[in-house]
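These are my notebook entries on one structure.

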Amino acid sequence: MSETTLLGMPTVKEGRVPTRTGRTYYLRTYGCQMNDHDSERIAGLLEADGMVPADDPAEADLVVLNTCTIRENADRKLYGYLGSLRRLKRDRPDMRIAVGGCMAQKDRGTIRERADWVDVVFGTHNTHRVVDLLDHADEWGPVTEIWEQTVDPADMASHLPAHRESEHTAWVTITIGCNNSCTFCIVPIVRGPEISRRPGDILREVETLAAEGVVEVTLLGQNVNSYGRDLEQGGHKALFADLLRRVGEVDGIRRVRFTSPHPKDIKEDVMAAMAETDAVCEQLHLPLQAGSDRILAAMHRGYTAERFLRKLEMARSMVPDLSVSTDIIVGFPGEGDDDFERTLEVVAEARFDSAFMFQYSPRPGTPAATMDAQVPAEVVQERFDRLVRLQNAITFERNQERVGRRLEVLVEGPSRRDPSVVTARTRGNRIVHVPGGWPAGTFMDVTVTRAAPHYLEGAPN
Ligand code: SAH
Ligand code: SF4
Ligand code: F3S
């Protein structure tokens, strides 16, 4: 079988006759919200071609893996899983396996070198081409298609069908790619330079979603604050704060969230838009990464801990009852005990409501991967455990501060652990378990009766 790299082949976007009616697909996603959202597009495209989802890869005609490569263990998991798919394919040679996403973009040809039973490899800029590539594989054999950049940002969004995971909440891409150069990060390499979607396209998509019953949207970009810098609109730029206000005004949209703002770029105008637009939730994900100024500089983050804390204070004073989450990396090259102590101090001062905490993982191709003084694994582990203990205690305290409060929640559906309660979410993005069989999509006010370390319990008013 030959492997072909196609470049610039036209994509059949509309008017395609479904050719896989009744065949089944199993889709597994690794990674961040951007990848989850790309998977919704992939599922939508496969379903437009007649396919139906399967719960079990052992019975699926097609297995699609949408991959992530942000840390090394993401890579390990993928190759482990591909090994188990190989056994399935031995029994069912007609089964197709497709691998897309960030790791496919990074590893290019090597995926098929390491796993020659994969039929289709597609990059992050080729997501919209998945059905065409499957056709190609059926006709001529295995294919790899990885473009260097997104040719048309519309390919990443509005006109593609999507199979959304939820009826009431939806992700909306506002930018793809990233123009920053954080020295630990692989994203700019695998997602390319930043491209903003036009505000009109974004608003049309939000209006369409609202007409379909969506009440909450999350705007997605690697650095939402740089939204619109590449778009000129009759002399003035389409800035994020404007976009936030306009999305918040769309009829039927009651909650707007966004991720991620960048601490170096978020300014008062965005905080004012949050405060003055009712639909924009009192929630901010502001990634700190490290507390030591020396490490922040080596990471190329463009702010000091002091500046970060000042922005946080400004956001909290402008947006009452703001919930703040963050990302923190432990063990960046050169991180000494003093640097790490500084991270603990800043975390204690910031009192985040929650945090995603990571052990630094060297990514080949990024500047940090070849920096001197990589921190030994056992030191990283010990620091990581201390940080997690501190943040968990703060998260629990923050939850306890909510007990007795009356909060608006949006019901997501029955709790997986206890079917007598529903899982709902506050505007601050906390999970609340509420007794009863309330249908998904219900807005209700609850009084918080109890705080657990990672969720709340509430009683309907
Ligand atoms: N664009 C977002 C981050 C996307 S990646 C932002 O700038 O906030 C999500 C998180 O993964 C990052 O915030 C960082 O904390 C973590 N991360 C990225 N690269 C990493 C690496 N090489 N090792 C460990 N964690 C990493
Ligand atoms: Fe990565 Fe930095 Fe871009 Fe976030 S802002 S995606 S951490 S390079
Ligand atoms: Fe997201 Fe992972 Fe790619 S975090 S952008 S899916 S490398």
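**Entry 1. Domains 2 and 4.** I looked up the distance between the C-alpha centres of domain 2 and domain 4 in this predicted model, and found 27 Å. The contact (heavy atoms within 4.5 Å) takes 11 residues from domain 2 and 11 residues from domain 4. The bounds, which come from an automatic or database domain assignment, are 24-145 for domain 1, 166-281 for domain 2, 286-401 for domain 3 and 406-460 for domain 4.

I then looked up the buried area, that is, the accessible area (1.4 Å probe) that two parts lose on being put together, summed over both. Between domain 2 and domain 4 this area is about 840 Å², with carbon and sulfur atoms giving 48% of the total. On the side of domain 2, R254, R255 and R257 supply 60% of the area buried against domain 4, more than any other three residues.

**Conventions.** I note that residues are numbered from 1 along each chain as its sequence is written, while chains are lettered from A and ligands numbered from 1 in the order in which they are written. The model is predicted, so local features need pLDDT of at least 70 and side-chain atom pairs count only at pLDDT 80 or more, whereas totals for chains, interfaces and linings use all residues; side-chain values use heavy atoms, with hydrogens and water left out.

Entry 2. Which residues form a salt bridge at 3.5 Å, N to O? I found the side chains of R254 and E408. The rule (a side-chain nitrogen of Lys or Arg within 4 Å of a carboxyl oxygen of Asp or Glu) gives two salt bridges across the interface of domain 2 and domain 4. I counted seven residue pairs in polar contact between these domains, both residues at pLDDT 80 or more. A polar contact is a pair of N or O atoms within 3.5 Å; within protein, one must be able to donate a hydrogen and the other to accept it, and residues adjacent in sequence count only if both atoms are side-chain atoms.

**Entry 3. Salt bridge of R191.** The structure holds 41 salt bridges. I looked up the one between R191 and D38, where the closest N and O atoms are 2.9 Å apart. The pair links distant parts of the chain, 153 residues apart, with R191 in helix α6 (187-191) and D38 in helix α1 (33-48). Helices (H or I, at least four residues) and strands (E, at least two) are DSSP runs, numbered from the N terminus.

**Entry 4. Ligands.** I took a residue as near a ligand if one of its heavy atoms lies within 4 Å. Of the 15 residues around ligand 1, Q222, P287, Q289, D327 and S361 come nearest. An oxygen atom of ligand 1 is 2.6 Å from an N or O atom in the side chain of D327, and a polar side-chain atom of R71 lies 3.2 Å from an oxygen atom of this ligand. A nitrogen atom of ligand 1 is 3.0 Å from a polar backbone atom of F184.

The residues around ligand 2 include F184, Q222, H262 and R301. Those around ligand 3 include C32, C68, C102, R191 and Q222.

**Entry 5. Backbone geometry.** I found a cis peptide bond joining T259 and S260, with omega about -5°. S260 is in the loop between β14 (255-259) and α9 (268-276). Q289 has a positive phi of about 75° although it is not a glycine. Its loop runs between β15 (283-285) and α10 (293-298).
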